[in-house]
Amino acid sequence: GLARINRYSARAKVEQLQIEKISQAAAKQRAGRCGRVSNGICVRLYDEQDFNNRPAFTDPEILRSSLASVILRMAALRLGDISEFPFIEAPSSRLIADGYLLLQELGAVDANREITELGKQLAKLPLDPRVGRMILEAKKEGVLREILIIASALSIQDPRERPMEKREAADQAHAKFAHERSDFLSFLKLWNFYDEALKNKKSNKELLTKCHQNFLSFLRLKEWRELHGQIREIAEELDLKPNAEEVDLDKSYDAIHRALLSGLLGNIGFKDGEADSYLGARSIRFTIAPGSALKKTRPKWVMASELVETSKLYARCVASINPDWIEPLAGNLTQSHYSDPRWDRKLAQVSAWERVSLYGLTIIPKRRVHYGPIDPQESREIFIREALANMEFDTRAPFFEANRQLISQIEELEHKARRQDVLVDEHTLFSFYDQIIPQGIFNGASFEHWRKEAEAGVPRLLYLTKDALMRHGAAGVTEA
């Protein structure tokens, strides 16, 4: 009376394979099997009260699956707003919103939920949108042949078998396909092994024996090749021609995994030092599945083909990645946080530290950026105060040297008069420049461009006067 039911969690963005009680309809369907050939007896290992308390039917799949591919197909067919479509069993608004979020992550729809050109291309591929996105990115990276093999493998059940009573023997047989940095590359090694076996086979029986010896499912391998052939045909119809030559796996590691990452941005994880778990997107925690080649090495950054919750949240089919790949692929999905804006005299601009995150996961902890275009108002104030009022600016402008000399003269007066209240403070100097310099001037280059034009009309526009630099109460302090 129990079964593993696949449910998609819109909150955690993961597949959940939980053991649940089957519905009454499923129980009756099982009872029907014992009467097909001849009369029989069905024994249920739970009491009648339990059966009567169970739901009448199993939840429809549309209520427990990710709706991204459904939404994409409907958008491509122009069937209107999915929330108004007359489904027999209408999905919840939460699931619909989650589907749109995934499509936005893949670049298939824009912020207004309108399908993009990329989305139209994805809709033509009869695959999960994530897998389709990998194929389109692989064309740019020049590794389409390899990604078509991996994409078709991700769309079927794993052809490697691991019987409970022969687990060690199966692991030893599968070890030759393992890659120390990526489970995805194991599929390419397995493909090449089967390809070689097909070419050199003397009979189907010999091929079948070889598969059994290596704990591989012959039927799934056959299904994999057939699916690969179909996907390749569709790709070629869309003018996506695979690279003719087989690439070197180590040299092309980055290109292959950047293409894969384009569809798996929500499945990244960072090793933050807590036991054997990884911190993932949206503050989830997952563990690398026991069958992975990366279970022992545990690299700093990983991506997974899927996150599945059974007894724990496991990442299946995992690869080591470089966090620098994430930002260019994520585009507008990343969030930037800025700190410590300051004047950089050498670069003649206001610089700040930028921290970049994706779904709450910090992908770039600290990067120096030009703060001017980010916050022009604050950058302008820092530029005027530090570069001009505090004289922290390298320029050949005549006004700057004249103002510096004038300030030096008044500082000398202060020294001679033994008073510290003659020269005006930096706030007065700031106000002087603030009233003259227009908005949008926030670095050395933009200031010099504006100054040359402004001084052509008013040559002494930025020159300070002695009166402007002396406090009202210090009027009596003269050279004499």
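Helices (H or I, at least four residues) and strands (E, at least two) are DSSP runs, numbered from the N terminus. This is a predicted model: local features need pLDDT of at least 70, side-chain atom pairs count only at pLDDT 80 or more, and totals for chains, interfaces and linings use all residues. Residues are numbered from 1 along each chain as its sequence is written, and side-chain values use heavy atoms, with hydrogens and water left out.

**Helix 4**

Helix 4 covers residues 93–106. Its 14 residues, at 1.5 Å a residue, should span 20 Å, and the end C-alpha atoms are 20 Å apart, which agrees. The expected span is 1.5 Å times one less than the number of residues. Buried residues of helix 4 include Leu95, Ile96, Tyr100, Leu102 and Leu103. Asp98 and Glu105 of this helix are buried too. Buried means under 20% relative accessible area, exposed means over 50%, and partly exposed lies in between (1.4 Å probe, protein chains only). The buried residues of helix 4 pack against strand 1 (2–9), helix 3 (68–76), helix 5 (117–123) and helix 6 (129–141). Contact here means heavy atoms within 4.5 Å.

Three strands form an open sheet in the order 8-9-10, with antiparallel pairing. Strand 8 (335–344) and strand 10 (361–370) are the edge strands, and each pairs on one side only. The twist averages 15 degrees from one strand to the next. Two strands pair if DSSP finds at least two bridges between them. Eight bridges join strand 8 to strand 9 (residues 349–358). His337 has Arg355, in strand 9, as its bridge partner. Helix 14 (residues 376–389) lies across strand 8 and strand 9, running at about 20 degrees to strand 8. Axes are lines fitted to C-alpha atoms, for helices over the stretch in contact, and angles run from 0 to 180 degrees between N-to-C directions.

**Salt bridges**

The structure holds 33 salt bridges. Each is a side-chain nitrogen of Lys or Arg within 4 Å of a carboxyl oxygen of Asp or Glu. Three pairs are tabulated below.

| Pair | N to O distance |
|---|---|
| Arg145 and Glu146 | 3.0 Å |
| Arg232 and Glu236 | 3.3 Å |
| Glu386 and Arg385 | 3.7 Å |

Arg145 and Glu146 are both buried. Arg232 is partly exposed, with a relative accessible area of 34%, and Glu236 is partly exposed at 35%. Arg232 and Glu236 both lie in helix 11 (residues 218–237), four residues apart, about one turn of the helix. An α-helix has 3.6 residues a turn, so residues three or four places apart point the same way. Glu386 is partly exposed at 25% relative accessible area, and Arg385 is partly exposed at 29%. Elsewhere, Arg7, Glu20 and Asp59 are linked in a network of salt bridges.

**Cysteines**

The structure holds zero disulfides. A disulfide is a pair of cysteine sulfur atoms within 2.5 Å. Seen from Cys317, the closest cysteine sulfur is that of Cys211. Cys211 is buried at 3% relative accessibility. Cys317 is buried as well, with a relative accessible area of 15%.
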